[in-house]
Amino acid sequence: MSDAQHPGRHPARPADPPPDGDRHTGADASRTPDAPRTPDRGTAAALPPGWAETWRAVVATARRTVADGLVTGTSGNVSARVGDTVLVTPSGIPYDRLGPGDLCAVTLDGRPAAGHRVPTSELPLHLAVYRHTDAAAVVHTHAVHATAVSTLVDELPAVHYMAAALGGPVRVAPYARYGTAELAGHVLAALRGRSGCLLRNHGTVVYGRDLEQALDRTAQLEWMCRVWLAAASVPGGRPALLPPGELDAVAERLRGYGQPPTA
């Protein structure tokens with residue numbers, strides 16, 4: 001769900017949040033925006049090792065989602081895991097305005113770890129993915145073609161071999177209101193054996209070993225959705241699909257894709 005309630009402002013907390021706003025309930029979050037927060041540790045000198053660099057990468061990735069047309073405003077969110085802490089984009093702040101002092105960090109159970117900003121309303125979703133997968137980075141978008149596909153099918157068919165990079169045909173998680181434990185649960189079910197899924201009438205969730213891989217997989221998913229929509233829109237046409245065995249073979253080959261590591 002969009003965190004940009006007032007894209008023209010730069011508040012410490014989002015003004016006029018939606019009815020369920022950024023309040024997190026259930027197992028995936030243990031606080032509300034009014035819960036006591038730890039002192040701001042947003043200066044580089046006070047941050048644990050790796051946090052400042054990871055935060056810069058989170059911000060850069062969030063800005064890429066806008067530049068690449070995967071989100072509008074701040075309608076998605078990005079996070080990365082450092083040990084048992086998650087650095088995540090805050091609610092309601094345009095990505096081009098984020099700086100070192102806007103760092104937002106929480107523990108895996110949702111407790112504030114650093115910063116004074118309120119985390120994205122989709123924090124329960126991010127934390128659920130980290131607790132139940134080997135994800136090191138999560139990207140959530142409202143990409144146009146992927147969102148359109150989410151309204152039409154229960155699974156994006158294997159129209160291209162790059163489906164193998166996500167684990168196979170991409171499932172669509174049932175609709176649930178944004179920011180809820182219910183949505184997080186649906187996402188986890190859709191992600192079984194997959195590294196990405198669609199959210200019904202909502203968007204995408206993709207994870208990876210780092211932010212670069214999570215963003216690349218997100219772009220691949222949006223592209224495959226665009227291909228399927230184009231093929232399925234031809235009158236009388238029926239897109240040809242790849243068999244599971246071919247996807248398995250491609251997945252094996254992708255494991256050795258790219259340049260070998262340098263000494």
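At roughly what angle do the axes of helix H2 and helix H4 cross, and within what distance do they come? In this predicted model, the axes of helix H2 (residues 123-132) and helix H4 (residues 181-190) cross at roughly 40° and come within 8 Å. That angle makes H2 oblique to H4, because angles under 35 degrees would count as roughly parallel and those from 65 to 115 as roughly perpendicular. The crossing of H2 and H4 is right-handed.

The contact between the two helices is built from both sides: H2 contributes Pro124, Leu125, Ala128, Val129 and His132, while H4 contributes Leu183, Ala184, Val187 and Leu188.

**The buried side of H4**

Which residues of H4 are buried? They are Leu183, Ala184, Val187 and Ala190, and they lie on the same side of H4 because they cover an arc of only 125° around the axis. An α-helix has 3.6 residues a turn, so residues three or four places apart point the same way. The cover over the buried residues of H4 includes H2, together with strand E7 (170-173), strand E8 (196-199) and strand E9 (203-208).

**The chain as a whole**

The setting for these elements is a chain that holds 6 helices and 9 strands. Of its 263 residues, 51% are buried. When contacts between residues at least 6 apart in sequence are considered, 69% of them join residues at least 24 apart.

The table below gathers the place and the relative accessibility of some individual residues.

| Residue | Relative accessibility | Class |
|---|---|---|
| Thr65 | 2% | buried |
| His140 | 0% | buried |
| Met162 | 15% | buried |
| Asn201 | 49% | partly exposed |

Thr65 lies in helix H1 (residues 51-67), and its relative accessible area of 2% counts as buried because the class takes in values under 20%. What does Thr65 touch, once its neighbours within four places in sequence are left aside? Its contacts are then with Leu70, Val71, Val78, Tyr95, Val139 and Leu215.

His140 is found in strand E5 (residues 137-141), and with a relative accessibility of 0% His140 is likewise classed as buried. The C-alpha atom of His140 is separated by 8.7 Å from that of Ser75, although the two residues stand 65 residues apart along the chain.

Met162 is placed in the loop between strand E6 (155-156) and E7, and this loop residue is buried, its relative accessible area being 15%. With neighbours within four places in sequence set aside, Met162 is in contact with Gln220 and Met224. Met162 and Trp223 are 61 residues apart in sequence, and their C-alpha atoms are 9.9 Å apart in space.

Asn201 belongs to another loop, the one between E8 and E9, and both of those strands are among the elements that cover the buried residues of H4. Is Asn201 buried or partly exposed? At 49% relative accessibility, Asn201 counts as partly exposed, since the exposed class begins over 50%. The backbone of Asn201 also deserves a look: its phi is near 55°, a positive value in a residue other than glycine.

Methods. Residues are numbered from 1 along each chain as its sequence is written. This is a predicted model: local features need pLDDT of at least 70, side-chain atom pairs count only at pLDDT 80 or more; totals for chains, interfaces and linings use all residues. Side-chain values use heavy atoms; hydrogens and water are left out. Axes are lines fitted to C-alpha atoms, for helices over the stretch in contact, and angles run from 0 to 180 degrees between N-to-C directions. Helices (H or I, at least four residues) and strands (E, at least two) are DSSP runs, numbered from the N terminus. Angles under 35 degrees count as roughly parallel, over 145 as roughly antiparallel, 65 to 115 as roughly perpendicular and the rest as oblique. A crossing is left-handed if the near helix is turned anticlockwise from the far one by less than a right angle, and right-handed if clockwise. Contact means heavy atoms within 4.5 Å. Buried means under 20% relative accessible area, exposed over 50%, partly exposed in between (1.4 Å probe, protein chains only). The arc is that of the directions from the helix axis to the C-beta atoms.
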